[in-house]
Amino acid sequence: MAYSSALFSPVNFNQLTNCSRTKLTKPHRRTVVSAIPPLSTATDVSALTGLDGTTLAVIGGSSVAALAAVLSLSDPERRRQLQAEEVGGGDKEVVREYFNKDGFQRWKRIYGVGDDVNKVQLDIRLGHSKTVENVMKMLTDEGSLKGVTVCDAGCGTGCLSIPLAKEGALVTASDISAAMVAEAEKQAQEELLKGRDEKLPTPVMPKFVVKDLESLDGKYDTVVCLDVLIHYPQNKADAMIAHLASLAENRLILSFAPKTFYYNLLKRIGELFPGPSKATRAYLHAEADVEQALAKVGWKIRKRGLVTTQFYFSRLVEAVPA
(Lines give C-alpha, C1' and ligand atoms only; values in the text may rest on other atoms or scores of the structure.)
Protein backbone atom coordinates (compact mmCIF):
# COMPACT_ATOMS: atom_id res chain seq x y z
CA MET A 1 0.00 0.00 0.00
CA ALA A 2 1.48 3.32 -1.06
CA TYR A 3 1.69 5.99 1.63
CA SER A 4 1.51 9.67 0.78
CA SER A 5 4.71 11.51 1.62
CA ALA A 6 2.57 14.45 2.74
CA LEU A 7 1.66 12.48 5.85
CA PHE A 8 5.29 12.50 6.90
CA SER A 9 6.08 16.10 6.07
CA PRO A 10 5.29 17.70 9.45
CA VAL A 11 7.63 15.34 11.37
CA ASN A 12 10.23 17.39 13.25
CA PHE A 13 13.38 15.80 14.66
CA ASN A 14 15.52 18.93 14.96
CA GLN A 15 15.53 18.68 18.75
CA LEU A 16 16.43 14.98 18.87
CA THR A 17 20.02 14.86 20.08
CA ASN A 18 22.34 12.38 18.33
CA CYS A 19 19.64 11.43 15.83
CA SER A 20 19.80 11.99 12.09
CA ARG A 21 18.29 15.32 11.07
CA THR A 22 15.37 15.22 8.64
CA LYS A 23 14.80 17.93 6.09
CA LEU A 24 11.40 19.46 6.68
CA THR A 25 8.97 20.17 3.92
CA LYS A 26 6.02 22.49 4.15
CA PRO A 27 2.91 20.38 4.80
CA HIS A 28 -0.15 20.67 2.62
CA ARG A 29 -2.72 22.92 4.22
CA ARG A 30 -5.85 21.01 5.17
CA THR A 31 -9.03 21.85 6.95
CA VAL A 32 -8.85 19.70 10.05
CA VAL A 33 -11.72 19.69 12.51
CA SER A 34 -9.65 18.01 15.21
CA ALA A 35 -5.99 17.12 15.30
CA ILE A 36 -5.54 15.18 18.50
CA PRO A 37 -2.74 13.11 20.10
CA PRO A 38 -2.62 9.30 20.12
CA LEU A 39 -5.18 7.20 22.01
CA SER A 40 -7.50 10.16 22.12
CA THR A 41 -10.70 11.50 20.68
CA ALA A 42 -10.23 11.67 16.91
CA THR A 43 -9.40 8.13 15.90
CA ASP A 44 -12.26 7.85 13.47
CA VAL A 45 -13.25 10.33 10.80
CA SER A 46 -16.89 9.38 11.28
CA ALA A 47 -16.66 10.68 14.83
CA LEU A 48 -16.03 14.16 13.48
CA THR A 49 -19.26 14.32 11.52
CA GLY A 50 -21.81 13.40 14.15
CA LEU A 51 -23.73 16.70 13.96
CA ASP A 52 -24.17 17.92 10.42
CA GLY A 53 -26.26 20.83 9.21
CA THR A 54 -29.27 18.66 8.42
CA THR A 55 -29.31 17.15 11.89
CA LEU A 56 -29.14 20.57 13.52
CA ALA A 57 -31.94 21.85 11.30
CA VAL A 58 -34.20 18.95 12.27
CA ILE A 59 -33.42 19.46 15.93
CA GLY A 60 -34.14 23.17 15.62
CA GLY A 61 -37.69 22.41 14.56
CA SER A 62 -38.39 19.77 17.19
CA SER A 63 -38.76 19.63 20.92
CA VAL A 64 -36.53 21.08 23.59
CA ALA A 65 -36.16 17.55 24.96
CA ALA A 66 -34.64 16.36 21.70
CA LEU A 67 -32.19 19.27 21.73
CA ALA A 68 -31.23 18.48 25.31
CA ALA A 69 -30.62 14.86 24.36
CA VAL A 70 -28.27 15.80 21.55
CA LEU A 71 -26.41 18.27 23.74
CA SER A 72 -26.00 15.54 26.31
CA LEU A 73 -24.52 13.24 23.68
CA SER A 74 -22.10 15.96 22.60
CA ASP A 75 -20.97 16.60 26.20
CA PRO A 76 -17.72 14.62 26.63
CA GLU A 77 -17.74 14.73 30.42
CA ARG A 78 -21.33 13.47 30.57
CA ARG A 79 -20.49 10.61 28.19
CA ARG A 80 -17.49 9.64 30.29
CA GLN A 81 -19.44 9.83 33.52
CA LEU A 82 -22.03 7.43 32.11
CA GLN A 83 -19.27 5.13 30.86
CA ALA A 84 -17.58 5.12 34.27
CA GLU A 85 -20.87 4.32 35.99
CA GLU A 86 -21.45 1.46 33.55
CA VAL A 87 -18.11 -0.22 34.26
CA GLY A 88 -18.24 0.61 37.98
CA GLY A 89 -15.08 2.67 38.35
CA GLY A 90 -13.05 5.69 37.32
CA ASP A 91 -10.57 6.51 34.55
CA LYS A 92 -8.54 3.33 34.94
CA GLU A 93 -11.56 1.04 34.72
CA VAL A 94 -12.86 2.91 31.68
CA VAL A 95 -9.48 2.60 29.94
CA ARG A 96 -9.29 -1.12 30.74
CA GLU A 97 -12.83 -1.70 29.47
CA TYR A 98 -12.25 0.32 26.31
CA PHE A 99 -8.99 -1.40 25.32
CA ASN A 100 -10.41 -4.84 26.01
CA LYS A 101 -13.43 -4.25 23.74
CA ASP A 102 -14.08 -1.57 21.09
CA GLY A 103 -10.73 0.09 21.58
CA PHE A 104 -8.86 -3.17 21.10
CA GLN A 105 -10.30 -3.74 17.63
CA ARG A 106 -9.66 -0.13 16.63
CA TRP A 107 -6.08 0.02 17.85
CA LYS A 108 -5.25 -3.47 16.61
CA ARG A 109 -6.03 -2.15 13.12
CA ILE A 110 -4.11 1.06 13.67
CA TYR A 111 -1.03 -0.71 15.00
CA GLY A 112 -1.25 -3.38 12.30
CA VAL A 113 -0.23 -3.43 8.65
CA GLY A 114 -3.57 -4.03 6.94
CA ASP A 115 -5.40 -1.53 4.75
CA ASP A 116 -8.69 -1.68 6.71
CA VAL A 117 -8.10 1.77 8.21
CA ASN A 118 -9.39 5.20 7.31
CA LYS A 119 -7.16 8.19 6.54
CA VAL A 120 -7.06 9.40 10.13
CA GLN A 121 -6.16 5.96 11.48
CA LEU A 122 -3.48 5.54 8.83
CA ASP A 123 -2.03 8.92 9.78
CA ILE A 124 -1.89 7.89 13.46
CA ARG A 125 -0.28 4.56 12.46
CA LEU A 126 2.47 6.39 10.63
CA GLY A 127 3.05 8.78 13.52
CA HIS A 128 3.23 6.01 16.10
CA SER A 129 5.55 3.98 13.87
CA LYS A 130 7.89 6.97 13.62
CA THR A 131 7.91 7.26 17.42
CA VAL A 132 8.85 3.59 17.75
CA GLU A 133 11.54 4.04 15.10
CA ASN A 134 13.02 6.98 17.01
CA VAL A 135 13.02 5.05 20.28
CA MET A 136 14.86 2.16 18.66
CA LYS A 137 17.44 4.61 17.32
CA MET A 138 17.88 6.17 20.75
CA LEU A 139 18.50 2.73 22.22
CA THR A 140 20.75 1.27 19.54
CA ASP A 141 22.86 4.44 19.34
CA GLU A 142 24.18 3.47 22.78
CA GLY A 143 25.41 0.12 21.48
CA SER A 144 24.12 -3.44 21.28
CA LEU A 145 20.91 -4.29 23.12
CA LYS A 146 21.89 -7.93 23.54
CA GLY A 147 21.18 -8.90 27.14
CA VAL A 148 19.89 -5.44 28.10
CA THR A 149 16.77 -5.60 30.30
CA VAL A 150 13.93 -3.39 29.06
CA CYS A 151 10.45 -2.81 30.47
CA ASP A 152 7.92 -1.85 27.80
CA ALA A 153 5.24 -0.26 29.99
CA GLY A 154 1.99 -0.11 28.04
CA CYS A 155 3.09 -2.41 25.24
CA GLY A 156 -0.12 -2.43 23.20
CA THR A 157 0.19 -5.04 20.47
CA GLY A 158 3.97 -5.28 20.75
CA CYS A 159 5.04 -2.59 18.28
CA LEU A 160 8.15 -1.85 20.37
CA SER A 161 8.59 -5.10 22.30
CA ILE A 162 9.10 -7.21 19.17
CA PRO A 163 11.82 -5.00 17.59
CA LEU A 164 13.56 -4.87 20.99
CA ALA A 165 13.55 -8.68 21.21
CA LYS A 166 14.92 -8.92 17.67
CA GLU A 167 17.87 -6.81 18.82
CA GLY A 168 18.55 -9.22 21.68
CA ALA A 169 17.00 -7.25 24.54
CA LEU A 170 15.41 -9.09 27.46
CA VAL A 171 11.95 -7.55 27.40
CA THR A 172 9.22 -7.45 30.01
CA ALA A 173 6.10 -6.07 28.33
CA SER A 174 2.93 -5.08 30.14
CA ASP A 175 -0.45 -3.60 29.32
CA ILE A 176 -3.65 -2.91 31.24
CA SER A 177 -5.60 -4.72 28.50
CA ALA A 178 -5.59 -8.52 28.49
CA ALA A 179 -6.72 -8.42 24.85
CA MET A 180 -3.73 -6.27 23.88
CA VAL A 181 -1.30 -8.53 25.74
CA ALA A 182 -2.71 -11.64 24.05
CA GLU A 183 -2.37 -10.02 20.62
CA ALA A 184 1.17 -8.86 21.38
CA GLU A 185 2.20 -12.36 22.44
CA LYS A 186 0.62 -13.84 19.32
CA GLN A 187 2.44 -11.42 17.04
CA ALA A 188 5.73 -11.96 18.88
CA GLN A 189 5.49 -15.71 18.38
CA GLU A 190 4.77 -15.25 14.68
CA GLU A 191 7.61 -12.79 14.09
CA LEU A 192 10.26 -14.16 16.43
CA LEU A 193 9.76 -17.92 16.32
CA LYS A 194 7.96 -18.94 13.12
CA GLY A 195 9.83 -19.02 9.83
CA ARG A 196 13.11 -17.83 11.34
CA ASP A 197 16.51 -18.71 9.96
CA GLU A 198 17.65 -21.81 11.85
CA LYS A 199 21.27 -20.68 11.55
CA LEU A 200 20.57 -17.56 13.62
CA PRO A 201 20.31 -17.55 17.43
CA THR A 202 16.79 -18.01 18.74
CA PRO A 203 15.45 -14.65 19.99
CA VAL A 204 14.33 -14.51 23.59
CA MET A 205 10.55 -14.06 23.68
CA PRO A 206 9.38 -11.02 25.64
CA LYS A 207 7.67 -11.77 28.92
CA PHE A 208 4.12 -10.45 28.50
CA VAL A 209 2.03 -9.61 31.57
CA VAL A 210 -1.33 -7.96 32.18
CA LYS A 211 -0.64 -5.07 34.57
CA ASP A 212 -1.40 -1.40 34.90
CA LEU A 213 1.51 1.02 35.34
CA GLU A 214 0.97 1.29 39.09
CA SER A 215 1.47 -2.47 39.51
CA LEU A 216 4.80 -2.70 37.71
CA ASP A 217 7.77 -3.74 39.81
CA GLY A 218 11.34 -4.97 39.42
CA LYS A 219 14.49 -3.32 38.12
CA TYR A 220 15.44 -2.79 34.48
CA ASP A 221 18.29 -1.16 32.66
CA THR A 222 15.75 0.79 30.59
CA VAL A 223 12.06 1.58 31.01
CA VAL A 224 10.01 2.80 28.03
CA CYS A 225 6.48 4.15 28.26
CA LEU A 226 5.00 5.32 24.96
CA ASP A 227 1.74 7.22 24.53
CA VAL A 228 0.30 6.11 27.88
CA LEU A 229 0.56 9.30 29.95
CA ILE A 230 -2.33 10.66 27.88
CA HIS A 231 -4.60 8.71 30.27
CA TYR A 232 -3.21 10.45 33.37
CA PRO A 233 -3.95 13.99 34.58
CA GLN A 234 -0.81 15.90 35.55
CA ASN A 235 -1.07 15.26 39.30
CA LYS A 236 -1.24 11.51 38.69
CA ALA A 237 1.29 11.68 35.87
CA ASP A 238 3.89 13.11 38.28
CA ALA A 239 3.51 10.10 40.56
CA MET A 240 3.58 7.71 37.61
CA ILE A 241 6.76 9.26 36.20
CA ALA A 242 8.37 8.90 39.62
CA HIS A 243 7.28 5.26 39.80
CA LEU A 244 8.63 4.46 36.31
CA ALA A 245 11.92 6.16 37.17
CA SER A 246 12.20 3.98 40.29
CA LEU A 247 12.12 0.88 38.04
CA ALA A 248 14.88 2.12 35.71
CA GLU A 249 18.55 1.94 36.52
CA ASN A 250 20.03 3.83 33.59
CA ARG A 251 17.40 5.23 31.25
CA LEU A 252 13.73 6.20 31.05
CA ILE A 253 12.07 7.01 27.74
CA LEU A 254 8.65 8.67 27.69
CA SER A 255 6.36 9.94 24.97
CA PHE A 256 3.35 12.11 25.71
CA ALA A 257 0.89 14.43 24.00
CA PRO A 258 2.36 17.94 24.32
CA LYS A 259 0.26 20.59 26.00
CA THR A 260 0.30 23.79 23.99
CA PHE A 261 -2.42 26.36 23.39
CA TYR A 262 -2.90 25.12 19.82
CA TYR A 263 -3.13 21.39 20.64
CA ASN A 264 -5.32 22.04 23.67
CA LEU A 265 -7.75 24.11 21.60
CA LEU A 266 -8.04 21.46 18.90
CA LYS A 267 -8.54 18.76 21.51
CA ARG A 268 -11.39 20.70 23.14
CA ILE A 269 -13.07 21.24 19.77
CA GLY A 270 -12.80 17.57 18.90
CA GLU A 271 -14.34 16.51 22.20
CA LEU A 272 -17.60 18.22 21.26
CA PHE A 273 -18.28 15.56 18.66
CA PRO A 274 -19.60 12.23 19.98
CA GLY A 275 -18.01 8.97 18.94
CA PRO A 276 -17.07 5.55 20.36
CA SER A 277 -13.36 6.47 20.44
CA LYS A 278 -14.01 9.16 23.05
CA ALA A 279 -14.80 6.95 26.00
CA THR A 280 -11.43 7.74 27.60
CA ARG A 281 -10.14 11.12 28.65
CA ALA A 282 -7.14 12.57 26.82
CA TYR A 283 -4.71 14.55 28.96
CA LEU A 284 -2.04 16.76 27.44
CA HIS A 285 1.19 17.47 29.33
CA ALA A 286 3.54 20.45 29.21
CA GLU A 287 7.14 19.42 28.66
CA ALA A 288 8.20 21.66 31.56
CA ASP A 289 5.88 19.74 33.91
CA VAL A 290 7.31 16.40 32.80
CA GLU A 291 10.84 17.73 33.21
CA GLN A 292 10.00 19.02 36.70
CA ALA A 293 8.52 15.66 37.69
CA LEU A 294 11.74 13.96 36.59
CA ALA A 295 13.90 16.48 38.42
CA LYS A 296 12.03 15.83 41.68
CA VAL A 297 13.26 12.23 41.65
CA GLY A 298 16.80 13.04 40.53
CA TRP A 299 16.52 12.55 36.78
CA LYS A 300 17.28 14.88 33.88
CA ILE A 301 16.30 14.93 30.21
CA ARG A 302 19.18 14.06 27.87
CA LYS A 303 17.45 13.77 24.50
CA ARG A 304 14.26 15.28 23.10
CA GLY A 305 12.20 14.77 19.97
CA LEU A 306 8.82 15.62 18.48
CA VAL A 307 6.76 13.55 16.06
CA THR A 308 3.78 15.26 14.47
CA THR A 309 1.42 14.31 11.68
CA GLN A 310 -2.06 15.60 10.95
CA PHE A 311 -3.64 13.59 13.76
CA TYR A 312 -0.73 12.44 15.89
CA PHE A 313 1.38 14.61 18.17
CA SER A 314 3.94 13.08 20.49
CA ARG A 315 6.81 14.61 22.47
CA LEU A 316 9.63 12.12 23.08
CA VAL A 317 12.15 12.48 25.91
CA GLU A 318 14.98 10.29 27.17
CA ALA A 319 15.88 10.83 30.81
CA VAL A 320 18.90 9.63 32.79
CA PRO A 321 19.92 9.94 36.44
CA ALA A 322 21.15 13.49 37.12
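In this predicted model, the side chain of Ser 255 places a polar atom 2.8 Å from the backbone nitrogen of Asp 227. Ser 255 belongs to strand S5, which spans residues 248-256.

- Ser 255 is classed as buried because its relative accessibility is 0%.
- Beyond the neighbours within four places in sequence, Ser 255 contacts Thr 131, Cys 225, Leu 226, Asp 227, Val 228, Ser 314, Arg 315 and Leu 316.
- One of these partners, Leu 316, is 61 residues away along the chain, yet its C-alpha atom is 4.4 Å from that of Ser 255.
- Asp 227 is also among the contacts of Ser 255, and its backbone nitrogen takes part in the 2.8 Å approach to the serine side chain.

**Leu 164 in helix H7**

- Leu 164 lies in helix H7, residues 161-166.
- With a relative accessible area of 0%, Leu 164 is buried.
- When residues up to four places away in sequence are set aside, Leu 164 touches Met 136, Leu 139, Leu 145, Val 150, Ala 169 and Val 171.
- Between Leu 164 and Lys 146, which are separated by 18 residues in sequence, the C-alpha to C-alpha distance is 9.2 Å.

**Packing of helices H4 and H5**

- The packing of two helices is described by the angle and the distance between their axes.
- For helix H4 (residues 91-100) and helix H5 (residues 102-111), the axes come within 3 Å and cross at roughly 60°.
- H4 and H5 are therefore oblique to each other.
- On the H4 side, Tyr 98, Phe 99 and Asn 100 take part in the contact, and they meet Asp 102, Gly 103, Phe 104, Arg 106 and Trp 107 of H5.
- By class, this contact of H4 with H5 comprises 4 nonpolar, 2 polar and 2 charged residues.

**Cysteines and disulfides**

- A disulfide is a covalent bond joining the sulfur atoms of two cysteines.
- The whole structure contains 0 disulfides.
- For Cys 155, the closest cysteine sulfur is that of Cys 159 at 9.3 Å, which is too far for a bond, given that a disulfide requires sulfur atoms within 2.5 Å.
- Cys 159 is likewise in no disulfide, and its nearest cysteine sulfur is that of Cys 155, 9.3 Å away.
- Cys 155 is buried, with a relative accessible area of 5%, whereas Cys 159 counts as partly exposed at 22% relative accessibility.

Key
Residues numbered from 1 in each chain as written. Predicted model: local features only at pLDDT ≥ 70, side-chain atom pairs only at ≥ 80, totals over all residues. Heavy atoms only, no water. Axes fitted to C-alpha atoms, helices over the stretch in contact; angles between N-to-C directions. Helix = DSSP H or I, 4+ residues; strand = E, 2+ residues; numbered from the N terminus. Parallel < 35°, antiparallel > 145°, perpendicular 65-115°, else oblique. Contact = heavy atoms within 4.5 Å. Nonpolar A, V, L, I, M, F, W, Y, C, P; charged D, E, K, R; others polar. Buried < 20%, exposed > 50% of the residue type's maximum accessible area, 1.4 Å probe, protein only. Polar contact = N/O pair within 3.5 Å; in protein donor to acceptor, adjacent residues only side chain to side chain.
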